[in-house]
Amino acid sequence: MVFKRMLGAFGVGAPSVDTVLATPRVRPGDPLRGEVRLAGGDFDADIEHVALGLVTRIEAEHGEDEQTGLVEFLRTEVAGPFTLRAGEHRAIAFELPVPWESPITEVMGRPLHGMVMGVRTELAIAKAVDKGDLDAFEITPLPAQEAVLRAFAQLGFHFKSADLEMGHLRGVDQHLPFYQEIEFYPPSDHAGQVGEVELTFATTPGGMDVILEADRRGGRHDYGGDSFGRWSVGHDEALHRDWAAEIGGWLAALSRYGTAGVHDGHEPYGHHEQYEQYGHQVHRPYGGDHHGGGPGWGMVAAAGAAGVVGGLVAAEAIDEIGDLIEGEEEEEEEW
């Protein structure tokens, strides 16, 4: 995509840039490949650097307020310095490692409502820097993650929405400054006892943590607050687990006793509130119900299913988000 603001940043006759992705769909841990294509303008230009950044939309809570913006969570220079001659064409190949903790944006060809992911190209000429438009790409689940997602569909969960939350999970080997929450409506036979259930994957090269958070509505013990479940497994092991049975058992205990406990003894979000025979209750420290509505997940199973560099970007970034998710508010099919 050629920079829309190139003329404003560098003047008429300046170089143009087009970033082309060879892998518009990747999995966590895979490389994102492509090339940056430069076309010289009417004059020689001293390029200080060409940099690429992975950018996503994130939510951050500050007391009662919530802010949404873009965060650049991985950045690398792919070229520079060099001189781009007038009229010269140059292609710079790149390969960016997609972090293992990267959020999923697409499942079985269906976008996750609420997720945005893109790569931004930055060109610096003579102390002037142009951060170009975002080129969108998708992150699809690892086989281990897909096994869990299929179990949710088998159990009758319906997808609601997904977002990214700023913060860290307690006791989790986490390197990015945010984590993903994929939110579901519970199966109809648990709707009276359990509200929404949120799924988080904390993934590493060796395996992943599967973390569930449920908004409990009732049961024999009515203490309020949220309950959690957690499984730590290797990638190969996850392919052979009966996730439908394990998650279904957790959900049944949650509905029956009011809490299903945390499977490995580590509560990932906040402090211990109350203990019971069948587990303990906890409250999430980030607070508030911040999720919007979304389409049902439907029949996924039947179909088959670092640090922050730029911080939260205001104003102009919101327009770029709009470009990436144009049409997202339209009614989507049930999966």
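# Burial, bridges and strands

Student: Why is Arg241 called partly exposed?

Tutor: Arg241 has a relative accessible area of 24%. The partly exposed class runs between under 20% for buried and over 50% for exposed, so Arg241 at 24% lands in it. Keep in mind that this is a predicted model.

Student: What makes Arg241 and Glu246 a salt bridge?

Tutor: Their closest N and O atoms are 2.7 Å apart. The test asks for a side-chain nitrogen of Lys or Arg within 4 Å of a carboxyl oxygen of Asp or Glu, so the pair passes. Glu246 also counts as partly exposed, at 24% relative accessibility.

Student: How do you know that Arg37 and Glu35 form a salt bridge?

Tutor: Run the distance check again: their side chains meet at 2.6 Å, N to O, and the limit is 4 Å.

Student: Is Glu122 buried or exposed?

Tutor: Buried. Its relative accessible area is 7%, and buried means under 20%. Arg75, at 33%, is partly exposed.

Student: Which residues are linked with Arg75 in a network of salt bridges?

Tutor: Glu72 and Glu122 join Arg75 in that network. Over the whole structure, the search finds 13 salt bridges.

Student: Why is strand E17 called largely enclosed?

Tutor: Seven of the nine residues of E17 (residues 226-234) are buried, so E17 is largely enclosed by the rest of the structure. Strand E16 (residues 207-216) runs antiparallel to E17, with nine bridges joining them; Glu213 has Phe228 in E17 as its bridge partner.

Student: Why do strands E1 and E7 count as edges of their sheet?

Tutor: The sheet is an open one of three strands, ordered E1-E3-E7 with antiparallel pairing. E1 (16-21) and E7 (89-97) have a single partner strand each, so one side of each has no neighbour in the sheet. On average, neighbouring strands in this sheet are turned by 20° against each other, direction ignored.

Student: How do you know that E1 and E3 pair?

Tutor: E1 and E3 (residues 31-39) share six antiparallel bridges, and at least two are needed. Val17 stands opposite Leu38 in E3.

Student: What does the protein chain come to in helices and strands?

Tutor: Six helices and 19 strands. Of its 335 residues, 53% count as buried. The accessible surface is about 14,400 Å², with 48% of that belonging to carbon and sulfur atoms.

Student: Which helix has the lowest mean pLDDT among the elements, and which the highest?

Tutor: Helix H5 (residues 300-303) has the lowest, at 26, and helix H3 (residues 235-239) has the highest, at 97. For residues 1-8 the pLDDT is below 50, and that stretch has 32 contacts in the model beyond near neighbours in sequence. For the chain, the mean is 75, and 69% of residues reach 70 or more.

Student: Where else does pLDDT stay under 50?

Tutor: Over residues 260-335, where the model has 205 contacts beyond four places in sequence. Where pLDDT is low, the predicted coordinates should not be read in detail.

Note on methods
Residues numbered from 1 in each chain as written. Predicted model: local features only at pLDDT ≥ 70, side-chain atom pairs only at ≥ 80, totals over all residues. Heavy atoms only, no water. pLDDT = per-residue confidence, 0-100. Helix = DSSP H or I, 4+ residues; strand = E, 2+ residues; numbered from the N terminus. Contact = heavy atoms within 4.5 Å. Buried < 20%, exposed > 50% of the residue type's maximum accessible area, 1.4 Å probe, protein only. Axes fitted to C-alpha atoms, helices over the stretch in contact; angles between N-to-C directions. Areas by Shrake-Rupley, 256 points an atom, 1.4 Å probe, with all protein chains shown as cover.
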